[in-house]
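Subject: Structure for your attention

Dear colleague,

Please find below the structure that I am handing over to you, together with its sequence. I would be grateful if you could look through it before reading my notes.

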Amino acid sequence: SAAPVRAAAGVAGRHWRLLPRRRLRDEDARGVALQPLGVGLLELDHLARLPRAEGDAVIRVSVSSDVDARDTQAIVAEPLTEIDIKLEPADRDAVDSINLLDRVAVKFQEALDAVSRLRPLVQTVHMFAAVPVGLALRMGALISPTMSPRIQTYQFNRAAEVRYRRAITLNQPVRAPTVLSDEERAQADEI
């Protein structure tokens with residue numbers, strides 16, 4: 001059976017642990033009982049009471065292994081908010097059903113929705129995810145091109161001094177195409 005997903009959020013050095021209010025049971029396609037993933041990100045409403053400010057948010061998703069907050073703070077030192085979504089215990093083989101995969105992906109979508117709704121001035125969500133490929137694809141499919149802010153993803157490298165480097169940026173504002181004059185095209189043709 002799979003372990004529960006836990007989410008926590010923090011703002012400016014303060015962290016909250018969000019726990020389910022009641023225990024529920026669910027079954028996957030094989031009839032294996034799953035522990036509840038019931039972490040209501042609705043409890044993130046405290047974000048709305050904070051002063052409005054522009055800045056960045058951090059979402060860490062720890063499924064295959066733990067994403068260390070110290071490593072992410074080396075990239076985003078002072079985010080407006082931090083949200084952790086964790087499968088406990090984290091393990092490379094932890095996602096053993098499509099039901100569990102979907103439920104973790106929905107927690108990610110809830111976190112994005114909470115940031116968009118409660119912190120509308122967030123410019124970029126920095127996403128650090130230690131997840132299997134199938135879950136990464138499912139999470140990516142839940143990102144709205146019109147509702148979600150810009151999302152910066154990262155590639156982990158255990159051997160590097162700074163363990164994360166920028167990877168793919170989603171929802172990047174699109175620049176108008178550059179239109180070359182006839183003279184510029186002629187110069188380009190000569191090269």
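I begin with the largest pocket, whose lining consists of 14 nonpolar, four polar and five charged residues. Please bear in mind throughout that this is a predicted model. The space in this pocket comes to about 540 Å³. A total of 23 residues line the pocket, and Ala-129, Ala-130, Tyr-154, Gln-155 and Phe-156 are the closest to its centre. Four elements each supply at least two residues of the lining: E7, H3, strand E8 (150-156) and strand E9 (164-170).

For orientation, here is the overall arrangement. The protein has four helices and nine strands, and along the sequence they follow the pattern β-β-β-β-β-α-β-α-β-α-β-β-α. Of its 191 residues, 39% count as buried. Among contacts with a separation of 6 or more, 72% are between residues 24 or more positions apart.

Leaving aside neighbours within four places in sequence, Ile-59 is in contact with Ile-83, Ile-85, Phe-108, Ala-111, Leu-112, Val-125, His-126, Met-127 and Phe-128.

The whole structure holds three aromatic pairs. One of them joins Phe-128 and Tyr-164 in an edge-to-face arrangement, at 4.9 Å centre to centre and with 75 degrees between the planes. This pair links distant parts of the chain, as Phe-128 is in strand E7 and Tyr-164 is in strand E9, 36 residues apart. Are these two residues buried or exposed? Phe-128 counts as buried because its relative accessibility is 0%. Tyr-164, at 9% relative accessibility, counts as buried too, because the cut-off for this class is under 20%. Together with Tyr-154 and Phe-156, Phe-128 and Tyr-164 form one aromatic cluster.

Leu-170 lies in strand E9 and is partly exposed, with a relative accessible area of 29%. Not counting residues up to four places away in sequence, Leu-170 touches Ile-143, Pro-149, Arg-150 and Ile-151. Leu-170 and Gln-152 are 18 residues apart in sequence, and the distance between them in space is 6.4 Å, C-alpha to C-alpha.

Asn-171 is in the loop between E9 and helix H4 (182-190). What is the phi of Asn-171? Its value is positive, about 60 degrees, although Asn-171 is not a glycine. Most residues other than glycine have a negative phi. Asn-171 is partly exposed, with a relative accessible area of 26%.

With kind regards

How values were computed. Residues are numbered from 1 along each chain as its sequence is written. This is a predicted model: local features need pLDDT of at least 70, side-chain atom pairs count only at pLDDT 80 or more; totals for chains, interfaces and linings use all residues. Side-chain values use heavy atoms; hydrogens and water are left out. Contact means heavy atoms within 4.5 Å. On a 1 Å grid over the protein atoms alone, a cavity is a set of points where a 1.4 Å probe fits but cannot get out, and a pocket is an open set with protein on both sides within 12 Å along at least five of seven lines; lining residues have an atom within 4 Å of a point. Grid points are joined across faces, edges and corners, and a volume is the space filled by probe spheres set on the points. Ala, Val, Leu, Ile, Met, Phe, Trp, Tyr, Cys and Pro count as nonpolar, Asp, Glu, Lys and Arg as charged, and the others, Gly among them, as polar. Rings of Phe, Tyr and Trp (its six-membered ring) pair if their centres lie within 6.5 Å; planes under 30 degrees apart count as stacked, over 60 as edge-to-face and the rest as tilted. Buried means under 20% relative accessible area, exposed over 50%, partly exposed in between (1.4 Å probe, protein chains only).
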